[in-house]
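Keep the viewer open and follow the residue numbers.

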Amino acid sequence: MEVALAHPALKAFMCGSLSGTCSTLLFQPLDLVKTRLQTLQNNMHPGAPKVGMITVFFNVIRTEKLLGLWKGVSPSFMRCIPGVGIYFSTFYSLKQHFFQDRSPNAGEAVLLGAGARCVAGVAMLPITVIKTRFESGRYNYISVAGALRSMCQNEGPRALYSGLTATLLRDAPFSGIYVMFYSQAKKALPQEISSSSFVPLVNFGCGVVAGILASLATQPADVIKTHMQVSPALYPKTSDAVRHVYTKHGLSGFFRGAVPRSLRRTLMAAMAWTVYEQLMARMGLKS
């Protein structure tokens, strides 16, 4: 009864949080492998053989056991459960305010997705930084609270917002491009398909296509963000991280970890949107 009486934006927050929980738990190993690949390139000597996703995957299992693939899942939950909720509630509120009587066009969809992601990204950045450090394997943090305390004492509160520019350069375009492709793909579907019982599957398929395109477009910003958050002392500015990656690894260095990240971001976003839209429909709200 209380859920039924809740404000629509709160319902959107709850639906988003639930969808974020499901997708985070399933795809955390891919995020860990992506972070390890990106931080591993700093320790590689010139001419050393390249290490791929599969090698890192099995190396983690061998040295840290199977559960090692879920290292960093606690900060991931702390970031994604409220973070996805904030994103979807902001997205819903903006859409209801500006586009109550019509659907946004392609350009407006980009701004809508990017705006909602900026709000969620800034709000959850400290947890994102801690999550990245957990996954890198370079820090011996025992808990999220311990990591928070250690960073504030040793590096100052500013460290919690390291990589802010790179994070927004990655997340805002990703979300904007994703929402644009996702909404346009759904519009292009024939009416008989979009009103059939296969709607969740169709939505998931549209989400996968949108996610691949958005992931590839924002991969360089993700590499820069990881470097800045794992080693803020070495890369205090975005330009420092860009210069380091390009000097040491060339253009290909900006696409390190692209496969696991594309897989994770694509599947996570597709699942999150599919679950969110189904839950919103069950609550009688237009997503």
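How many aromatic pairs does the count come to? In this predicted model, the count comes to 14 aromatic pairs. A pair of aromatic rings is described by two quantities, the distance of the centres and the angle of the planes.

Start with Tyr87 and Trp273. Their ring centres are 6.4 Å apart, which falls within the 6.5 Å limit for a pair. The planes of Tyr87 and Trp273 stand at 80 degrees, and an angle over 60 counts as edge-to-face, so this pair is edge-to-face. The two residues come from distant parts of the chain. Tyr87 belongs to helix H4, residues 73–98, while Trp273 belongs to helix H11. They are 186 residues apart.

Now check the burial of both partners. Tyr87 has a relative accessible area of 2%, so it is buried. Trp273 has a value of 6%, so it is buried too. The cut-off for buried is under 20%.

Trp273 also pairs with Phe88. Here the ring centres lie 5.0 Å apart and the planes meet at 75 degrees, so the Phe88 and Trp273 pair is edge-to-face. This pair again links distant parts of the chain, with Phe88 in helix H4 and Trp273 in helix H11, 185 residues apart. Phe88 is buried, because its relative accessible area is 1%.

Which residues form one aromatic cluster? The members are Tyr87, Phe88, Phe91, Phe174, Tyr178, Tyr182, Trp273 and Tyr276.

The charged end of Arg117 sits over the ring of Tyr87, at 4.1 Å from the ring centre. The ring of Phe174 has the charged end of Arg265 over it, 3.8 Å from its centre.

Turn next to the helices. H11 spans residues 258–282 and packs with H9, residues 199–230. The angle between H9 and H11 is about 140 degrees, and their axes are 7 Å apart. The crossing of the two helices, H9 and H11, is right-handed. What is the make-up of the contact of H9 with H11? Its residues divide into 10 nonpolar, 10 polar and four charged.

Notes
Residues are numbered from 1 along each chain as its sequence is written. This is a predicted model: local features need pLDDT of at least 70, side-chain atom pairs count only at pLDDT 80 or more; totals for chains, interfaces and linings use all residues. Side-chain values use heavy atoms; hydrogens and water are left out. Axes are lines fitted to C-alpha atoms, for helices over the stretch in contact, and angles run from 0 to 180 degrees between N-to-C directions. Helices (H or I, at least four residues) and strands (E, at least two) are DSSP runs, numbered from the N terminus. A crossing is left-handed if the near helix is turned anticlockwise from the far one by less than a right angle, and right-handed if clockwise. Ala, Val, Leu, Ile, Met, Phe, Trp, Tyr, Cys and Pro count as nonpolar, Asp, Glu, Lys and Arg as charged, and the others, Gly among them, as polar. Rings of Phe, Tyr and Trp (its six-membered ring) pair if their centres lie within 6.5 Å; planes under 30 degrees apart count as stacked, over 60 as edge-to-face and the rest as tilted. Buried means under 20% relative accessible area, exposed over 50%, partly exposed in between (1.4 Å probe, protein chains only). A charge sits over a ring if NZ of Lys or CZ of Arg is within 6 Å of the ring centre and within 35 degrees of the ring normal.
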